[in-house]
Amino acid sequence: MVLQLFYWKLRALGEPIRLMLEHLGAEYEDNNPDGETWAAQKYNLGMEYPNLPYLVDGGVKVSQSFAVMRYISRKFKALGGDTEEERQRIDTAEGFCGDLRGPFIRLWFDPEFETKKVEYFKQLPTKLKSLENVLDSHKWAGGDKLTYVDFGICECLDHHEMCKPGCLQPTPNVKKYYENFFALPKIDAYRRSNRFSSYPVAPASARWGHSKM
């Protein structure tokens, strides 16, 4: 059965899910509702917490980005933890991902984006310190195997690099991790295909990320 992914026609929170599906070789359709369509349908879709992105798998509907990613991991029995210790590490890394991307996304919409961007990137090595330390002894954010949380973190890191090229240089472990992720064969092939677009990352209302500046 073909999976149906629904998200705006931009990267933001939807792209980590696309990357997962591409990596897993899943058959899926990428549906991009506009704001008017979404507003009309949102509370009539049979979901308790309707939001974009959401995934439809036959009779199953899952909303919220990390919930969708965890569902895909369970469905394909891949990119998750096999032991309680592994699951704890992945859960913690997921929290780190939320802490990293939340403030950065808010920055995109800040009227003082250009001014605040300077201080934000000055503090970035500190924000990445815990990940840098984890990667001293592990290949991936949740341990020694690739998991769904790496798709969220590395997509977020890519947004940072797009906004300020070279910003990962002060954290060499993170830089290598980021490069290794995007060198994964199916990820690399997808990003070289005409199905991938670098922009928009963010909607037109954002101060950064809608188009290349």
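**Surroundings of Cys-163**

Apart from neighbours within four places in sequence, Cys-163 is in contact with Phe-104, Phe-113, Lys-117, Phe-121 and Trp-208, where contact means heavy atoms within 4.5 Å. The model is predicted: local features need pLDDT of at least 70, side-chain atom pairs count only at pLDDT 80 or more, and totals for chains, interfaces and linings use all residues. Residues are numbered from 1 along each chain as its sequence is written, and side-chain values use heavy atoms, with hydrogens and water left out.

- Cys-163 lies in helix H7 (residues 148-163); helices (H or I, at least four residues) and strands (E, at least two) are DSSP runs numbered from the N terminus.
- Cys-163 is buried, its relative accessible area being 7%; buried means under 20% relative accessible area, exposed over 50%, and partly exposed in between (1.4 Å probe, protein chains only).
- Cys-163 and Gly-209 stand 46 residues apart in sequence, while their C-alpha atoms are 7.7 Å apart in space.

**Cysteines and disulfides**

- A disulfide is a covalent bond between the sulfur atoms of two cysteines.
- The search of the whole structure finds 0 disulfides, a disulfide being a pair of cysteine sulfur atoms within 2.5 Å.
- For Cys-97, the closest cysteine sulfur is that of Cys-156, at 5.9 Å, which is too far for a bond.
- Cys-167 is likewise in no disulfide, and the nearest cysteine sulfur, in Cys-163, is 8.0 Å away.
- Cys-97 is buried, with a relative accessible area of 0%, and Cys-167 is buried at 9%.

**Packing of H3 and H4**

- Two packed helices are described by the angle between their axes and the distance between the axes.
- The axes of H3 and H4 come within 12 Å and cross at roughly 145 degrees; axes are lines fitted to C-alpha atoms, for helices over the stretch in contact, and angles run from 0 to 180 degrees between N-to-C directions.
- H3 and H4 cross in a right-handed sense; a crossing is right-handed if the near helix is turned clockwise from the far one by less than a right angle, and left-handed if anticlockwise.
- Ser-65, Phe-66 and Arg-70 of H3 make the contact with Glu-94, Cys-97 and Arg-101 of H4.
- By class, the contact of H3 with H4 has 2 nonpolar, 1 polar and 3 charged residues; Ala, Val, Leu, Ile, Met, Phe, Trp, Tyr, Cys and Pro count as nonpolar, Asp, Glu, Lys and Arg as charged, and the others, Gly among them, as polar.
- Ser-65, found in helix H3 (residues 65-76), is buried, with a relative accessible area of 10%.
- Beyond its neighbours within four places in sequence, Ser-65 is in contact with Leu-13, Ile-17, Pro-53 and Arg-101.

**Packing of H1 and H9**

- The axes of helix H1 (residues 15-24) and helix H9 (residues 185-192) come within 8 Å and cross at roughly 120 degrees.
- H1 is therefore oblique to H9; angles under 35 degrees count as roughly parallel, over 145 as roughly antiparallel, 65 to 115 as roughly perpendicular and the rest as oblique.
- H1 passes H9 in a right-handed crossing.
- The contact joins Glu-15, Arg-18, Leu-19, Glu-22, His-23 and Leu-24 of H1 to Lys-186, Ile-187, Tyr-190 and Arg-191 of H9.
- By class, the contact of H1 with H9 has 4 nonpolar, 1 polar and 5 charged residues.

**Loop residue Asp-110**

- Asp-110 sits in the loop between helix H4 (84-108) and helix H5 (113-127).
- Asp-110 is buried, with a relative accessible area of 17%.
- Leaving aside neighbours within four places in sequence, Asp-110 is in contact with Lys-116 and Arg-207.
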